[in-house]
Amino acid sequence: MAEIKNNSQKNTPVGMIVEQLYLFFDNKVPRYLVMSAMTAFLIYLPLSSSRFTQEIMANLFFYVVVCLGLNIIVGFAGLLHLGYAAFFAVGAYTTGILSSVYGVNFWLTLPFSIIAAVIAGLAIGAPTLRLRGDYLAIVTLGFGEIIRLTVRNLEITGGAIGLIGIQRPVLFGVVLNQITHFYYLFFILAIIAIFVSYRLHDSRLGRAWEYIREDEDAASAMGINVVSTRLYAFIIGSAFGALAGSLYAAKMTAISPESFMFIHSVMILLAVVLGGMGKIPGVILGAVIVTLIPELSRDIGQFRLIIFAVLLLILMLYRPQGIWPERQGISTKL
Amino acid sequence: MTSWEIFLQQLFNGLLVGSFYGLVAIGYSMVYGIIKLLNFAHADIYMCGAFSGLIILGFLNPYVGNEWLGIIIALLLSMVLVGLLGVVIQRVAYRPMLKAPRLSILITALAVSMILYNTVLLMTQGQYKPFTTGLTHESFYIGALRMTETRMVLLLAALVLMFLLHMFITRTMYGKAMRAIALDRDTCQLMGVNVYMIIAITFFVGSALAAAAGIMAGVYYGTVHFFMGFLIGLKAFTAAVIGGIGIIPGAMLGGLLLGLLEAFGTQIPFIGSSWRDVFTFVFLILFLIFKPNGLLGRIESERM
Amino acid sequence: MFKLKSSWILMLVLVLFAFSLFGCGGDSAGPVDETPDGEAEGEFEGQVLFGIMVPVTGSEAADGIDMENAGLLAVEEINAAGGVLGYEIVTTTGDDECDPSKATAAASKLISEEVVAVIGGYCSGATLPTLALYGDAGIPFVIAAANATSLIDENPGWAFMINSTGDAQAAKAVEWFESLDVDTIALVDDGSAFSVDLKDQSKMQWEAAGHSVVAEDRVETGTQDFSAVVTNIMAANPDAVYWTAYQGLGALLIRQLRQDGYEGVIMVGDGSSAPELLDLAQAEGEGVYCTAPPVVDFLPAAQNFISGYNDSYPREPGAYAGLMYDATYLLVDAIERAGSFDGEAIKDALAATDGFEGITGPVGFTPQNTLNRSNFVILVGEDGRWALAE
């Protein structure tokens with residue numbers, strides 16, 4: 001079934017382009033060539049570009065990390081998550097509170113933000129992952145709103161104003177306070193995220209996820225513990241998000257509940273689905289589309305979101321598996 | 001106010017708001033029941049209903065005035081118009097996707113929602129618009145309960161609509177077909193049911209009810225704006241889950257219950273109205289954990 | 001056949017995607033200082049770039065566009081009168097969308113384009129994280145509207161607030177409540193940084209004046225039903241209710257309070273001072289008070305500005321148009337006093353401002369770079385329009 005779908009896609013231009021990409025990238029030599037050329041270009045970029053470009057690119061790297069995190073949950077494990085911004089907020093606020101209220105060094109806050117995310121992930125995931133897939137969507141959506149409203153109402157999170165004066169991280173004696181610093185920091189982080197994603201994808205756990213996604217009953221019959229395997233995906237993805245949130249807090253030095261609205265969860269999800277769930281280069285492409293289009297088309301103002309939504313709709317209608325999907329095809333089940 | 005008066009007032013407030021939730025929740029529940037889709041665009045259909053009511057009322061104003069007669073005509077016209085909008089959305093965005101991966105159809109629903117939302121945002125410049133009616137807000141007392149004519153009529157109208165829907169679902173062939181499709185689409189197709197037509201009718205009815213709720217909210221609150229659907233959409237969804245998603249009487253019950261819960265929940269000390277929505281969602285999560293099939297739902301062995 | 005059609009549509013989509021990616025990237029190169037080539041007018045020595053940072057899209061776009069208009073109008077007038085130090089002013093707009101993370105991107109855009117100074121700032125929450133960016137880049141920033149007190153602490157010294165801050169507004173509210181013999185009040189906000197700030201300031205000052213706050217409540221943006229809040233207020237039965245957030249929700253609150261039979265004083269903060277509040281509140285808006293920024297309609301010095309604005313734009317100037325107009329003139333005045341476009345010199349000149357006569361009144365700064373007087377006025381809703389209550 002999946003095979004047939006892929007074949008029919010070969011006849012469309014996108015299908016052909018993607019097919020060429022597959023052929024190209026399946027061969028290791030050009031893949032490494034392209035990748036090292038791109039890396040070299042991205043390392044060189046800040047030396048010759050404006051602050052605005054660097055800001056946009058830093059945001060892009062950051063988005064790549066967040067999207068790869070969500071991809072573990074949505075793409076690898078096939079679970080629909082609608083409140084990813086909440087985990088992002090958990091990380092950002094953990095770092096923010098520890099650093100601005102208790103004066104803890106930024107790097108030391110990272111383990112705490114991961115722990116907080118794991119706890120939140122367990123609390124939400126453990127009961128609901130036993131249920132039908134759709135319920136996870138609703139619970140995560142509700143959780144997203146709970147977190148946003150809670151940080152807005154509590155004293156310690158700075159209420160509606162949020163936290164201000166979060167410390168800048170120090171690395172090798174240098175205070176990271178220039179956009180160029182964050183450009184490189186997020187660039188390195190994105191590379192780590194890509195690497196970790198690939199390792200996870202090819203691991204035993206990654207194969208188990210794929211198995212469950214494609215056929216839950218068969219996977220269960222083969223002795224895979226479906227609930228706990230899914231829970232791993234949920235927790236690892238949440239930790240990714242929290243880590244990204246911590247770095248976001250360090251870059252902005254001020255965080256407020258508005259940065260964690262439902263629409264942000266939606267945009268991250270869009271990037272993952274648009275590019276092709278599960279396929280790492282596809283997700284990166286999705287992140288590029290979602291961050292760059294609205295930024296570069298600022299001049300059309302409010303129209304840009306309508307155009308974006310219409311394009312998204314058309315794309316989904318004619319290429320429901322995303323622009324650059326996994327080859328095996330994604331299960332028709334959640 | 002004495003606590004008895006507060007109790008009565010909150011009871012009535014809860015029922016009225018709950019009936020709005022219920023009307024919107026029905027749309028979610030019907031669509032979910034029949035094609036297993038979380039229709040994100042439904043909240044925006046509610047909003048579009050309110051705006052179409054406002055526009056139609058503006059046209060009618062010189063001929064029939066903008067009091068109850070005008071409102072009723074505008075309500076019926078908008079229900080038809082927005083119902084058709086729902087059918088068009090279903091035809092364009094959902095029907096080609098019925099066989100696609102489940103996540104993809106959710107994304108198209110999000111895209112439709114973004115299109116509706118941003119179009120209205122653009123047309124209104126993001127401003128709140130007054131929903132002007134000629135109704136007065138003279139109040140009178142029923143016992144200790146303070147009441148206005150508008151509130152009475154709106155609550156009655158909501159209950160009448162729910163009753164009509166119930167009759168439609170239980171007493172007509174179309175209703176029977178809807179329930180059958182919800183159980184097993186493929187078998188229905190084999191039995192000669194025109195599945196696509198029934199799905200279209202489902203969207204029509206769900207959207208029309210959301211539009212009715214939108215106009216009633218416009219009449220009651222006096223302003224409409226592009227953002228009005230978002231929160232009520234989430235709440236209505238919660239209501240649908242509480243009642244048992246896919247079960248239509250469950251959606252009505254869930255709506256009323258949620259309205260009451262919110263009205264009384266905010267009276268508990270330490271849960272002020274700033275915590276109202278947190279309260280609602282925590283309740284939703286607890287409900288899903290302990291009673292995932294909802295109040296009226298049957299236990300399903302199937303896992304999705 | 002179908003396949004052919006769908007492939008064409010796909011091509012189209014891809015091309016459109018590519019267009020939106022690359023098509024719009026090039027056009028924001030921005031004007032450069034000296035442009036001797038082509039049609040640069042003979043009378044100017046060159047061009048100088050001002051940044052305007054306001055939300056021109058998003059939920060607060062209406063006020064943001066209004067401010068942008070007022071700034072552009074001032075620039076046009078200044079250029080017609082010979083520019084600043086012989087240079088023609090050109091502007092570039094950074095859209096902060098009233099969102100903190102979008103605001104840092106907008107600020108970076110302005111800094112990249114090497115603006116000499118920035119005017120604008122509407123939403124306090126979005127303005128806050130940009131203060132450090134402008135400070136690091138050495139760019140003076142005249143804040144026309146944003147006025148939460150939290151801005152004061154985060155200001156590295158490069159921002160100047162020409163709208164009175166939240167504490168001045170709270171003081172005005174307290175003064176007016178006292179003149180109405182109010183003793184107990186209820187405070188309602190919408191959870192936004194700006195409204196919570198005003199609520200906290202009002203509570204502090206009201207209690208310091210020996211009165212009591214009997215109810216505090218919050219409504220969420222997007223909510224329509226305030227029955228819980230209204231019931232709480234009715235139960236506490238305060239002499240007055242003070243709404244500290246924006247007009248959309250404010251109108252809903254006023255209507256629901258009045259329809260439920262609340263008969264006390266209702267007052268709203270400057271976020272609700274737009275005329276739309278009264279349109280939305282309809283009959284229930286009669287007699288509502290407002291602590292407002294200096295709205296140009298009631299300022300004798302602003303009549304020229306109003307007619308100029310009406311000639312150029314198809315709308316009435318809103319609540320912050322006058323302040324934005326003043327911000328632009330103040331910046332030009334400071335540059336002329338500094339005698340250069342150097343950031344440090346402009347900053348010092350701004351700080352030394354004394355008795356600059358704007359259409360909204362004289363401007364001078366405290367050591368914290370805030371306006372050294374309270375500019376709030378009290379308005380009252382009469383026949384669907386705001387009128388001066390004092």
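Biologist: Before we start, when do you call a residue buried?
Modeller: A residue is buried if 20 or more other C-beta atoms lie within 10 Å of its own. Keep in mind that this is a predicted model.

Biologist: Thanks! With that, how many residues of strand 1 of chain C are buried?
Modeller: Strand 1 of chain C, residues 46-54, has 7 of its 9 residues buried, so by that cut-off the strand is mostly covered.

Biologist: What does strand 1 of chain C pair with, and in which sense?
Modeller: One partner is strand 2 of chain C, residues 87-95, which pairs with strand 1 in the parallel sense over 9 bridges. Strand 3 of chain C, residues 117-120, also runs parallel to strand 1 and is joined to it by 4 bridges.

Biologist: Where can I look on screen? Which residue stands opposite Gly51(C), and which opposite Ile52(C)?
Modeller: Gly51(C) faces Thr92(C) in strand 2 of chain C. For Ile52(C), look at Ile119(C) in strand 3 of chain C.

Biologist: Zooming out, how many helices and strands does chain C have?
Modeller: Chain C comes to 13 helices and 14 strands. Of its 390 residues, 57% count as buried. Among contacts in chain C between residues at least 6 apart in sequence, 68% join residues at least 24 apart.

Biologist: And what is the strand order in the open sheet of 7 strands?
Modeller: In chain C that order is 7-6-8-9-10-13-14, and the pairing is mixed. Strand 7 (212-218) and strand 14 (385-388) of chain C are the edge strands, each pairing on one side only. From one strand to the next, the twist averages 25°.

Biologist: How do strand 6 and strand 8 of chain C pair?
Modeller: They pair in the parallel sense over 4 bridges, with strand 6 covering residues 184-189 and strand 8 covering residues 240-243 of chain C. Ile185(C) stands opposite Ala240(C) in strand 8.

Biologist: Which strands does helix 7 of chain C lie across?
Modeller: Helix 7, residues 193-208, lies across strand 6, strand 7 and strand 8 of chain C. Its direction is at about 165° to strand 6 of chain C.

Biologist: What about domains in chain C?
Modeller: The domain assignment gives domain 1 (46-164 + 299-363) and domain 2 (167-292) of chain C. Their centres, taken over C-alpha atoms, are separated by 30 Å.

Biologist: How many residues are in contact between domain 1 and domain 2 of chain C?
Modeller: 8 residues of domain 1 are in contact with 12 residues of domain 2 in chain C. The domain 1 side divides into 2 nonpolar, 6 polar and no charged residues.

Biologist: Last one, on helix 12 of chain A: is it enclosed or open, and why?
Modeller: 12 of its 14 residues are buried, so helix 12 of chain A is largely enclosed by the rest of the structure. Among the buried ones are His264(A), Met267(A) and Gly275(A).

Biologist: And how does the span of helix 12 of chain A compare with what it should be?
Modeller: At 1.5 Å a residue, the 14 residues (262-275) should span 20 Å, and the end C-alpha atoms are 20 Å apart, which agrees. Just after helix 12 of chain A, Gly276(A) takes a positive phi of about 125°.

Methods
Residues are numbered from 1 along each chain as its sequence is written. Chains are lettered from A and ligands numbered from 1 in the order in which they are written. This is a predicted model: local features need pLDDT of at least 70, side-chain atom pairs count only at pLDDT 80 or more; totals for chains, interfaces and linings use all residues. Helices (H or I, at least four residues) and strands (E, at least two) are DSSP runs, numbered from the N terminus. Two strands pair if DSSP finds at least two bridges between them. Axes are lines fitted to C-alpha atoms, for helices over the stretch in contact, and angles run from 0 to 180 degrees between N-to-C directions. Two residues are in contact if their C-beta atoms, placed from the backbone, lie within 7 Å. Domain bounds come from an automatic or database domain assignment. Ala, Val, Leu, Ile, Met, Phe, Trp, Tyr, Cys and Pro count as nonpolar, Asp, Glu, Lys and Arg as charged, and the others, Gly among them, as polar. The expected span of a helix is 1.5 Å times one less than its number of residues.
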